[in-house]
Amino acid sequence: MDLLKFIVFDILGVTPLLVGFIALIGLLIQRKPIEKVLSGTFKTIVGFLVFAGGAGLAVTSLGNFQTLFSDGFGLKGVMPLAEALTGLAQTKFAMCVSLIMVIGFGWNLVFARITPFKYIFLTGQHNLYLSALLTVTLKALGYSDMTTIIVGSVLLGLAACLYPAIAQPWMRKITGNDEIAMGHYVTLAYAISGWIGAKVGDPKQSTEKLNLPGWLGIFKDYIVSVSISVSIFYYIAALAAGKAAVTAAAGGMHWLVYPLYQSLTFTASLYIIITGVRLLLSEIVPAFLGISEKFIPNAKPALDCPVVFPYAPTATVLGFISSFIGGLVVMGFLAILGQTVIIPVAIPYFFIGATAAVFGNASGGWKGAIVGSFVTGILIGIGPALIYPIMESVGLSGTSFPETDFVALGLVVYYIGKMLP
């Protein structure tokens, strides 16, 4: 069991090492000189670590915002975070979660080899989250460990191939090529955002080409636009929370300076993410050709959602704001109905909303970015409420999964399972 945990959490669950290992294999297969093998492997890992470091900085800043926002507006309820629920599931079903992930990754390679869906899912933590979701769903149906592992691993392997395929038409629009895929289990929402974008806007009116009058032209620089936009959100939360709450969180910093500092920290994190993604892509795509040519012809690496941020940086902040507003709308609606209230958590709303906006922008410009991410915010607010009863049925409460792909697969599996003997 210790060896299994080492493989799952210390190798496959550490995405930079997993992606670096894939790059190493690809470069060795291409018989590259040793210096190029080492260079490509280390740069791939470092690129991912730079992007992950930026993501970690964003998570910290957004977490501070969430604290002030929740305190200021007195929000209590279920906070959807895949990381939190996976941790809870791991405490109860460690063996099932681990084996589903390991065997499921093997099925991903098999299905990519024998089906038209040539995608290899390299976002290790998201496969871990999906393993937890499948474990919880199958256990809620009363299945044994063996059945849970067999069924769960096959479903994970299929999901790892099929979900990236759903988003790929829009990934081609975003990147201008067919070299990488989306390895983030919110592809249903991203595809919907891309589809909506084509209905409401024009891709020629990209968020990156907005013609703003006069001094508003400074917003064409995404560093400026992100800093100002997030600062407004932060100050609203800070003023609602009050001087005492902000002072307690600020750790000695003046309570009116703290929101500005956190906003600029978030902007810096976005810049770091984009820099790391560019370094990662410059190394992983050429290295991946070796595996593609040797074992799985025409295979594409499915990578984490920030890989699309460099293609429309301005859209990312629009997506965060728009999707967060959508989440607030759902929260109010659920409260009125007397249902379980899903608190919009800033961290997933940023990463998911920002990505949805890039998809909407690719097909519908700035209008597509705003409307597509707003609809995505609604979807990732409703989804956790729909699947939450399944979580509660096995004793996991207080959190849920916001990812649309998890919710859709979990509900289908659960209700089909309920109909079976």
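The largest pocket in this predicted model has a volume of about 460 Å³. Its lining is made up of 25 residues, and the ones closest to the pocket centre are Glu83, Gln125, Tyr129, Asp304 and Phe351. Five helices turn up with two or more lining residues each: H2 (15-29), H3 (34-73), H4 (82-92), H6 (124-140) and H13 (346-393). H3 puts in the largest share, with 6 residues.

H3 runs for 40 residues, and its first and last C-alpha atoms lie 57 Å apart. That is close to the 58 Å expected at 1.5 Å a residue.

Now for the strands. An open sheet is built from 3 strands in the order E1-E3-E2, with parallel pairing. E1 and E2 are the edge strands, and each has a single partner, which means that one side of each is left without a neighbour in the sheet. Strands of a sheet pair through backbone hydrogen bonds, in either a parallel or an antiparallel fashion.

On one flank, E1 (residues 119-121) is joined to E3 by 3 bridges, and Phe121 stands opposite Ala302 of E3. On the other, E2 (residues 181-182) is linked to E3 through 2 bridges, again in parallel. Here Met182 has Leu303 as its bridge partner in E3.

E3 itself (residues 300-303) is covered on both faces. Lys300 and Ala302 are buried on one side, while Pro301 and Leu303 are buried on the other. Both of the bridge partners just named therefore belong to this buried set, since buried is taken as under 20% relative accessible area: Ala302, which faces Phe121, lies on the Lys300 side, and Leu303, paired with Met182, lies on the Pro301 side.

Notes:
Residues numbered from 1 in each chain as written. Predicted model: local features only at pLDDT ≥ 70, side-chain atom pairs only at ≥ 80, totals over all residues. Heavy atoms only, no water. Buried < 20%, exposed > 50% of the residue type's maximum accessible area, 1.4 Å probe, protein only. Helix = DSSP H or I, 4+ residues; strand = E, 2+ residues; numbered from the N terminus. Pairing = 2+ DSSP bridges. 1 Å grid on protein atoms, 1.4 Å probe; cavity = no way out; pocket = protein on both sides within 12 Å on 5 of 7 lines; lining within 4 Å. Points joined across faces, edges and corners; volume = space filled by probe spheres on them. Expected span 1.5 Å × (residues − 1).
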